[in-house]
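Good morning, and thank you for the time.

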Amino acid sequence: MCQLLVVLDKETAESIMKKFLSLSISTNLSYGHGIQYVANTNRDWNTYKNTLPPHLDETHVQLPIANNVIAHLREIYTKTLSSREINTELTIHNTQPYQYNDMYFIHHGDWFRTDTNKKQIFQRYHKYSNFVEPIVSIRNMMNSQISKNIKGTTDSELMFHLFSKLLTFKNYYL
């Protein structure tokens, strides 16, 4: 399962992040990584993503990280996926963190269905009709601006944008 890191207002954020990213060497967390960080140069949140594991992509070493960082190490459940399906999943659009306006999101887990004879994990079955119908319903609940922001195929991105829609709806009526 993916691993998440959140470090806020700590002077050691950069060293904590580097230790966290080193997990990709000895684990199955080799399907990309994403880093949301506050730069020590401008104090704005910045994003860096790559489909390579951090130990094969040294760019993160050069990021000007201040005291705040959110990081994600990605795992893809490859047991039931073909090589083609793995390559389809392994895209920058499926790499977290996700962003919509000034909100950022990382997620650890899976959506799945158990109302069939076997457990169906979103990553493997999201194109099957019993998943497509709820996905279409969820996307129809979102306005076009939020829906256009969805670029990948993960349950995490769909969940984040549904949450964004609910926040927008709530704020609209406050």
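Strands, as I use the word today, are DSSP runs of E with at least two residues, numbered from the N terminus. The model is a predicted one.

Let me begin with strand β1, which covers residues 3-7 and includes V7. Is V7 buried or exposed? Its relative accessible area is 5%, and the cut-off for burial is under 20%, so V7 counts as buried. Leaving aside residues up to four places away in sequence, V7 touches A13, I16, N67, N68 and V69. M17 lies ten residues from V7 in sequence, and the C-alpha to C-alpha separation of V7 and M17 is 8.1 Å.

V6 also belongs to strand β1. V6 has a relative accessibility of 53% and therefore counts as exposed. Together with L8 and W45, V6 makes a nonpolar surface patch of about 280 Å².

I turn now to helix α5, which spans residues 129-141 and has 13 residues. From first C-alpha to last, α5 reaches 19 Å, close to the 18 Å expected at 1.5 Å a residue. Which residues of α5 are buried? They are F131, I135 and I138. Viewed down the axis of α5, these buried residues fall within an arc of 60°, so they line one face of the helix. An α-helix has 3.6 residues a turn, and therefore residues three or four places apart point the same way. On the face of α5 turned away from the buried side are the exposed residues S129, E133 and N140.

Thank you; I welcome discussion.

Methods
Residues are numbered from 1 along each chain as its sequence is written. This is a predicted model: local features need pLDDT of at least 70, side-chain atom pairs count only at pLDDT 80 or more; totals for chains, interfaces and linings use all residues. Side-chain values use heavy atoms; hydrogens and water are left out. Helices (H or I, at least four residues) and strands (E, at least two) are DSSP runs, numbered from the N terminus. Buried means under 20% relative accessible area, exposed over 50%, partly exposed in between (1.4 Å probe, protein chains only). Contact means heavy atoms within 4.5 Å. The expected span of a helix is 1.5 Å times one less than its number of residues. The arc is that of the directions from the helix axis to the C-beta atoms. Patches are made of residues with over 30% relative accessible area and no salt bridge: like charges are joined within 9 Å, nonpolar side chains (Val, Leu, Ile, Met, Phe, Trp, Tyr) within 5 Å. Accessible areas come from the Shrake-Rupley method with a 1.4 Å probe; for residues, only the protein chains shown count as cover. A salt bridge is a side-chain nitrogen of Lys or Arg within 4 Å of a carboxyl oxygen of Asp or Glu.
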